[in-house]
Every structure is written in C-alpha cells, then in structure tokens.
Amino acid sequence: MCTPPVLPLTPGMTGHAAWAAAVRDLGFRHTAEWLGAWGVRPGFRVLDGLWYRPRGLTWLRVDRAYLSTQREHWRREGDERRATAEALLDRAAEILDRDPMGLRRVVLHELVLLLQDHPDGITARAATELGLDEAEATELAAAVTVCLGPAGRLDGEAAEGLQEALAAGRLRLAEHYAARLSGVVADHELRELRAAVTLLRDHTDDALTLADALLHAGEHRRSAKISLRTARHAVDEPQAVVGLLRAAEAETGAAGSPTARGAGTTESAAPGTPLPGPAAVHHVRTRVGLDGVTVVWDPAPAQSGKAVRYRVIRFPAGNPEDHADVGPPTGETRVVDRAVEPGSTVRYGVLPVLAGRIAGRARASAPVLVAPDVEGLTLTATRAGVTAKWRASAAASAIHAVRQLGDASVKVTCRRDGFTDLGPTPGAYAYRVQCTYRGPAGLSVDSPGVRARMVVEEWPRPVTDLTGQLCSERGPVRLSWTPPQRGEVLLVPWTGLPPEPGTDLPDGFVTAPSAPPLDSELLTPRPGTSIRVVAVTVLGGRAVAGTGLLVEAQTPVVGITAERDADDRVRLGFDWPDPAPLVLVGWRQGAVDRELRITRSAYLRGGLTLQATGEALDVTVTPVAAGDAEFVLSGAGHVHVPPRVRLSYRLLKQGWRAGARRTVEVRAELPGPAVEPPGCPDFLLVGRESVAPLDPRHGTEELRLPGDRLAAGVPVRTEIDLRDRARPYLLRGFLLGAGAPAAQLDHPPPETLVVR
C-alpha cells in the first residue's frame, strides 16, 4: 500500500478568514465548490493540483485561463453576487501568480477542516459528499488522518494565523500558533514557518541581551537604538518595549522627586538634545488630578506625510517590566489615565507609532506620586469662624487640615467636602489641606497638600431689641434700641421677607444696601402703606441683620355720617378706606360696648345699619390691619349720635266760650335723666289761612317754646288767641335748632289743628 502524501495544512495565504467568509456568502461550502460553479461537471480533484472536468472526458487544471472562463460565466449570468465573485477571482489570480499550486493548498486546508468536523468523520464518503472525485476520496481521507497525527484535529485559527502573525512581526503570537500546531505532521511550508519563528526568536533574544548589556554599561542611546530595532521587528515582544522604557528612564534620571512634584505638573528631565530616532516625542509632562493623571507631550515630527500615533505606557518608577498601556494608540498629544492606582509612584513612557509599529524611541516622564490633592479649595470667613469647601478623590482614605498662625499649628476636623473652623480669633491665618491614600504595599501616602490664606476680621454684633413707641394714635413711631458692642446701626427699609436676626448679609451690602437707610428715628408711613425696618449693624465691609418691626399706616375713614330712624336704627355712611379688606365698627350705648366686622364687598352691596336704643351712642369705624404689623397708625373715624328726643303737642279748647282761643300743650319724652348738648330742640307753632303750612316760612308764627324749657320733661301749656285770624285757620308744629334733626315730633289729628 502506498504511503499517503503529506498534505499542506496551512492555506499559504494571508487573510484566509475573510476569503472563506466571502465564499460562504456566495453560498458555497469551500473554495473548490465555488470554482466549479459554472461550466464543469460536479466533482473535482486536488491531490495533484486542482482539476475540474468539463463536458468531455478530459480534466482541466485551474490556471489563469480557467479563472477567466469562470469570470465570463459570472458576467454572463448577471448574478447579484457577481462583484464578490470577481473580487475573489482577482485574489485567486494573485495566488496562482505567486504559486501555481497555491489554490490547491487553499482547498486542501479547507477540506481538512471540513472533514474533521463532518458527521461521517474523516472518510471517503465524507470527502465525496464535499465534492471530491471518488478516485481521490479514499486516498485523501487516509492522508488527512495521517497528517493530523495524535491530536486528530487541525487548529484552524493557528494554521491560518501563523503566516499572518509572522508577516505582521508579532513574534509572541507566532510562537503561540506554532506551539498549537506541534501535534500535526508538517509539510515543507509549515516547517519553514516554524523555522522562521525560531530564527526571529533567536535574533530577538540576542538583540535584547545586547541592549541590556549596553544599558548597564551606560550607553543608553545605543541600547535604545537596538531595542527600537527589535521592537519594530517583533512588535508584540514586551521585553523590547521594556528595553525602550529602561533607556528612557535612564536618560530622564531621578529628576523630579515624586514627593515634591508628584501631585502637580512634572516634566521629563532629559538632556537638551533629544534621543535620536525617526520620530521622537519631547517634554513629557504629567499632572495629577481628581480624574486621574493627565499626560501631555510635544508631538513628534511628521513622517513623510504619515500620521503619527502615540502609545502611552504606565510603569512603576524603576520597574518597567510591570508596565501597562493607557488605552490604545491615539493621534492626540494628551491622555488621561483614570485607571492608575492611588498612592503609587509611576512614570509614563510615550512611544510614537507608525502603521502599527513603534517608530521612535520612548520618552519617559519624571516620577509622579499619584496622590491628588483636593481641588476647588475655597475659604469663607463667617461670624462663627472659617468654612472651607473642596472636591476630594473618592480614593482618599482620610483628609487632614491644619490652621497656622505664625509658628503655631492647630488641627482642624474635616469632612469629606470641607470643614467649619470655629476657633480662630481675628488675624491672618494659613490653612493646609492634605489627603492620605493607601499605597500598593498597604502603607499610607500623603498628598503634597494645598494651602490657602484667610484673614479673620471682627464681625458686627446684631441689634436684638429694636422697639418702637407710638407718639399718638396717628403716629409717628419713635424707634429705639440698645447699641451693640461693635458696629454702627443703620435703619434699613426692607421689602420682602426679612432676614432672621443674626444673619450675615452679602458682601457689598454696606456700599450698596437694598434701600437707603433712614435718616431719622421717627417713622411715619404714608396713609395706606406700611414699612418694615430692619436694624442692620455694619463694621468695615461686613453687615449683619438684627431685629426689625413693621409699621402700618391705615387709610383714614372720612365722610362718616349717621342717621337714626323712627325705630332707633342708625344707618352709617363713610368713604371706604382702601386698601383695607374690612373694617371694625364699634359703638357704645350706655354702659354696653358692641362691635362688628364688615367686608368691603358687603358694605358696598348693602351699606351698614346698627340696631340701637334711643340713648346717645358713639360710633368708631377702624380699618383692620392687613398684616402682622407691630404698630398700626390708626385711621379710625368717629361719629356721635345724640339721644332720641320725642316731642308731641296738642291744641285744647276750654269750653264753648273760648271762641278762637286755644291752649297749646307741648310734651317732651327724653330717653335719660338729662339731655346732652345740643339737647332738646325749640318748638314752633305756625298758622296759615285755608291751607296747612308745610314749612315754618309758609305761615305765621303763633308760638315758640325754647328747648331748654321743654328739656325738663314736664308738659308745657301756653294759651294763644286767634280771634283776629281769618277762618278757617290751620295750625302745624315744627322743631328748630341744633337738636332738631335727631328729634321726633308727633302731630295730633289734623282736624284738631283747624280753627273755624
């Protein structure tokens, strides 16, 4: 039995993963199936080149002519997949130009992968099912079984990636892939790839050894040059990057102590002449902040119009082996490292990158202590002391503050975001704030600290007893207070809600108060207005609010009138005192006081009537204060309603002989024992021929009785003689004098007032 041939297990091309995906997108399982899509019979041969059988009995080798025929078929069919197929045919032509057996290698690699995963296993039946000619199916299955060796499987990723890793200079990845292929039987090309990996490793190790020796000999630049060449040929070799970082750190030296400069901005301290190289950066600077470490550098020179990108690496000072990339390479000249461990001391190396490969020597920063200070520190002097606010890192394990005055220092208790220092007396102080962090070794590390100065001044004392004294019912109000120990008192009119006593007023209040201060201690608001006064104590540029009070001046009640009717109801009238919402009406009659409240709408709608007796009453109408004023300047209106006086009279005829003589009897009914001025009115009896007089002026005065004579309450009788009057003669009584409007006169029957 013949020995099975050694099959190529690698595809012999780069980018096979994309190639295979495109073939599957066209609807085919492998490359051979796609190349036999048009103009040939089903089936292909692959052990001795890639062959297809057309309509006749002969077999056609896949060459450029065959590919052209396939291209014409795709164009003629006008398939929507034509563009993808033509692109694959172009790549297939390139493979054939490089190696006439190149497509055979691609197909065999794909068949091995498909057979090892086929449900029927690596068998002739499975090979036939994949389209292989029956004449080669058995031999191919046997060859695949032999080539896979003890492992029994081909690592497709490693087989396809080995050549690509070498082409990209990724030595570590190529070694990894080669190790994963150690269990298969290698053909000559796989053996060559393995040898290339070994050779690159030997050269890399030799170069790294030389670079390390030069570094220890103090030849930093030569060491960097060799490490750079190594890094460009073995791009994923971390020791090459370590060599570059070591050289950069040696060039930078120990300048920039992390204790003195770590929390601020640090800069690499290399000599004035930068390291030679195709694209070296300059002046790497760092700044520690709450969001991490910001790394900034000057850009490298442009390289033949190509964009330079930068790889930023963080490593512990003195230990480049433990390095880590700060994100992917970028074209920016600034990055922020948010993943750095607080409390650590690190350096940053910056490497220029072109086309994915390091293009120049590294440049290192000075050591930086990752212990950020608080940010946004602001100090504010208050009456109680000094308050501080800041923003601190969440990683800080503790925050400390110290108040200094000369050589004396006092610790201040802190919160996470500030402190309130109640201890300082007037003077100029310096405050220092530090953060403590837990370092990588568990040791506490302090930040450099930030400092701020604050001058503590004397503060004015507030007025606590502003009072007033009402000079009269209608004002003014005289203000008084106890002078505070410190400061000058201003009486400031205040609009809106007054501040609580003891409240410190904003800066600038002294030079620009909310309203001009009063120039007098006498307060007299205009009628219908109110004024609130706050006693403000000022000292230097500071002001503090004291107590205040509100004085309201009511709109006076004017035009007040009172009318009593026959039922002793008193109807009041007055001009409403706007803007008062309601008034208080109070009246006293005898020894009884009464009052009621009436709103503006009710008064305007129905007026105001008081139920009284016949006695005199005093009525007061007072606007009701709308607010919480401590003093109200009254706008009350007053009216006096005299007692009701009721008079009656009658004419008496003394027998038939009296003729035209009559006796007039007038009686006064009084509500009390005495009648106050204007007292009882005068009684006047007037007569007129034929028509009763309606007014005292419309007739002849026949009798006048003075009010003081009637005020005794005893009936007064007087005889009159009407013999010389024309008949019929009609009489009528009237009341005159100051008390007439409030008095009532009862008339006798009209027929008794006629003299015939």
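Predicted model: local features only at pLDDT ≥ 70, side-chain atom pairs only at ≥ 80, totals over all residues.
In strand β37, L647 finds its bridge partner in A668.

## Strand β36 and its two partners

Strand β36 (residues 645-652) and strand β37 (residues 661-669) pair in the antiparallel sense, over 7 bridges. Strand β36 is also joined to strand β42 (residues 743-746), here by 4 bridges and with the two strands running parallel.

## The open sheet β22-β23-β25

An open sheet is formed by 3 strands in the order β22-β23-β25, with antiparallel pairing. Its edge strands are β22 (467-470) and β25 (522-523), each of which pairs on one side only. The contact of β22 with strand β23 (residues 477-480) consists of 4 bridges, and the two strands run antiparallel. Two of the residue pairs can be named: G468 has L479 of β23 as its bridge partner, and L470 has V477 of β23. The hairpin of β22 and β23 has 6 residues between the strands, and in it G475 takes a positive phi near 95°.

| Strand pair | Sense | Bridges | A residue pair |
|---|---|---|---|
| β22 and β23 | antiparallel | 4 bridges | G468 and L479 |
| β36 and β37 | antiparallel | 7 bridges | L647 and A668 |

## Overall dimensions and surface

The secondary structure of the protein amounts to 15 helices and 43 strands. Along its principal axes, the C-alpha trace spans about 190 × 85 × 45 Å. The radius of gyration is 59 Å, whereas a compact globule of 756 residues would have a value near 27 Å. Buried residues account for 45% of the 756 residues. The accessible surface comes to about 37100 Å², and carbon and sulfur atoms contribute 52% of that surface. Of the contacts between residues at least 6 apart in sequence, 64% join residues at least 24 apart.

## Helix α7

Helix α7 (residues 134-148) comprises 15 residues and reaches 22 Å from its first C-alpha to its last, close to the 21 Å expected at 1.5 Å a residue. Its buried residues are E136, A137, L140, A141, A143, V144, C147 and L148. These buried residues pack against three elements, namely β1 (44-45), α5 (102-116) and α6 (124-129). After α7 comes G149, which has a positive phi near 65°.

D337 is found in strand β9 (residues 334-337). Its relative accessible area is 2%, and D337 is therefore classed as buried, the cut-off being under 20%. Leaving aside residues up to four places away in sequence, D337 touches D291, G292, V293, R314, V326 and Y348. The side chain of D337 also reaches a backbone atom, the nitrogen of V340, at 3.5 Å.

H400 lies in strand β16 (residues 398-405). With a relative accessibility of 40%, H400 counts as partly exposed. Its contacts, not counting residues up to four places away in sequence, are with C414, R432, V433, Q434 and T436. With T436 there is a polar contact between the two side chains, at 2.9 Å. H400 and K411 are 11 residues apart in sequence, and their C-alpha atoms are 7.7 Å apart in space.

E77 is found in helix α3 (residues 64-77). E77 is partly exposed, with a relative accessible area of 43%. The C-alpha atoms of E77 and R180 are separated by 44 Å, and these two residues are 103 residues apart along the chain.

Notes. Residues numbered from 1 in each chain as written. Heavy atoms only, no water. Buried < 20%, exposed > 50% of the residue type's maximum accessible area, 1.4 Å probe, protein only. Polar contact = N/O pair within 3.5 Å; in protein donor to acceptor, adjacent residues only side chain to side chain. Contact = heavy atoms within 4.5 Å. Expected span 1.5 Å × (residues − 1). Rg over C-alpha atoms; globule rule 2.2 N^0.38 Å. Areas by Shrake-Rupley, 256 points an atom, 1.4 Å probe, with all protein chains shown as cover. Pairing = 2+ DSSP bridges.
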